[in-house]
Amino acid sequence: MSTTHRIAVIAGDGIGPEVTREGLRVLRAAAEHFGFGIEVTEYPFGTEHWLETGEIFPDPAFEEVQQHDACFLGAIGDPRAPVGLIERGIIGHLRWDLDLYVNLRPIKLYDARFCPLKDKGPEDVDMVIVRENTEDAYVQQPVFENQGTPEEKAMQPMVYTRKGTERIIRFAFDLARTRPRRQLTLIDKANAVRAQDLYTRVFEEVAQEYPEVKTDHAYIDAACMWMVKNPEWFDTAVTTNLFGDIITDLGAMIQGGMGIAASANLHPGRFGMFEPIHGSFPKAAGKNTANPLASIAAFGMMLDWLGEKEAAAAVEASIADLLQGGRIRSLKAGAHATDEIGDMVLERLAAVNA
Ligand code: IPM
Ligand code: MG
């Protein structure tokens with residue numbers, strides 16, 4: 001009997017629904033080609049739903065989402081809601097309360113045409129950023145003392161635990177070991193934020209167990225510089241939540257833009273939530289101009305996580321094949337219609353499996 005994977009889908013705000021729709025078409029086509037089932041439960045959460053009902057992500061639905069084999073999230077963010085309310089209530093809730101401590105963000109350039117860096121090609125841009133996903137300032141409550149007065153003080157501390165630090169570093173070493181270059185770079189700011197000395201020490205300790213992995217270190221400011229100047233120096237990199245957020249937007253640009261960057265939020269062995277790293281792009285919502293490749297690639301990562309290795313490889317090969325051909329003029333929104341790119345991927349998928 002063939003397996004059926006149960007997927008929870010929160011398409012969310014802005015361009016979320018349209019890019020999710022294309023991702024789901026590719027997922028269903030892959031299921032058909034490779035002979036497994038897909039059962040999708042769609043949830044209406046996002047800013048529109050909050051405006052209509054006052055609900056962000058009710059507990060029973062949160063419980064139900066966890067009963068699925070994986071979750072997909074389109075995009076969250078809308079200027080009609082207070083800054084961060086819906087993001088923290090949906091993305092944060094899933095990442096933190098499901099303890100999805102790994103945020104895996106591959107940065108892979110498929111064709112030199114899409115890279116803004118001079119003289120850099122696919123052989124130079126192929127790395128994975130392992131972003132810690134459950135600690136740092138992100139999960140602390142902001143505190144404002146004497147708000148609105150000249151004596152105001154605002155705080156949201158960067159808190160790191162040994163357990164949180166060790167599990168993400170260990171995950172990164174395990175991943176680095178499976179990649180051809182077997183190289184892992186620690187990215188931090190331990191020279192200024194001395195609390196990150198915990199990262200320095202744990203990285204050194206865990207490295208002893210992985211003599212086959214070559215280690216390296218860069219401060220976050222320098223890492224931003226090197227990623228533009230010499231992206232080929234990076235293979236696997238591990239970093240804190242906040243720095244991982246920042247450097248992966250930079251990474252997205254060198255792989256061709258937000259239209260192509262995908263990510264996985266994982267608690268290995270337990271649950272996975274997959275999302276494009278782009279935001280909701282409210283101005284483009286409903287126009288059928290957003291690039292769905294990031295979502296399609298995120299569904300590809302989901303297939304890999306679900307153990308559908310062949311299907312995952314086929315989705316990845318279809319994206320690569322499409323981008324290496326000449327049909328995609330640009331990865332920017334508006335260069336092609338959202339569903340046109342979906343059609344092209346489906347066509348490639350049928351061809352790579354023929
Ligand atoms: C991301 C996003 C989120 C983050 C926002 C929407 C809270 O930028 O996934 O990179 O900062 O993690
Ligand atoms: Mg971000």
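Author: Two strands count as paired if DSSP finds at least two bridges between them. In this predicted model, Leu-184 stands opposite Thr-215 in strand 9.

Reader: What makes strand 8 and strand 9 a pair, and in which sense do they run?

Author: Strand 8 (residues 183–188) and strand 9 are joined over six bridges, and since at least two are required, the two strands pair; the sense of the pairing is parallel. Between them the chain passes through helix 6, in a β-α-β crossover that is right-handed.

Reader: How many aromatic pairs does the structure hold, and why is the pair of Phe-72 and Phe-299 called stacked?

Author: There are nine aromatic pairs. For Phe-72 and Phe-299 the ring centres are 4.0 Å apart, which is within the 6.5 Å limit for a pair, and the planes meet at 10°, which is under 30 degrees, so the pair is stacked. Phe-72 belongs to strand 3 (residues 70–75) and Phe-299 to helix 9 (residues 293–305), so that this pair links parts of the chain 227 residues apart. Both Phe-72 and Phe-299 are buried.

Reader: How do you know which kind of pair Phe-173 and Tyr-210 form?

Author: Their centres lie 5.0 Å apart, within 6.5 Å, and the angle between the planes is 20°, under 30 degrees, therefore Phe-173 and Tyr-210 are also stacked. Phe-173 lies in helix 5 (residues 162–178), whereas Tyr-210 is in the loop between helix 6 (197–207) and strand 9 (214–219). Phe-173 and Tyr-210 are both buried.

Key:
Residues are numbered from 1 along each chain as its sequence is written. Chains are lettered from A and ligands numbered from 1 in the order in which they are written. This is a predicted model: local features need pLDDT of at least 70, side-chain atom pairs count only at pLDDT 80 or more; totals for chains, interfaces and linings use all residues. Side-chain values use heavy atoms; hydrogens and water are left out. Rings of Phe, Tyr and Trp (its six-membered ring) pair if their centres lie within 6.5 Å; planes under 30 degrees apart count as stacked, over 60 as edge-to-face and the rest as tilted. Helices (H or I, at least four residues) and strands (E, at least two) are DSSP runs, numbered from the N terminus. Buried means under 20% relative accessible area, exposed over 50%, partly exposed in between (1.4 Å probe, protein chains only). A crossover is right-handed if, with the strands pointing away from the viewer, the path from the first strand over the helix to the second runs clockwise.
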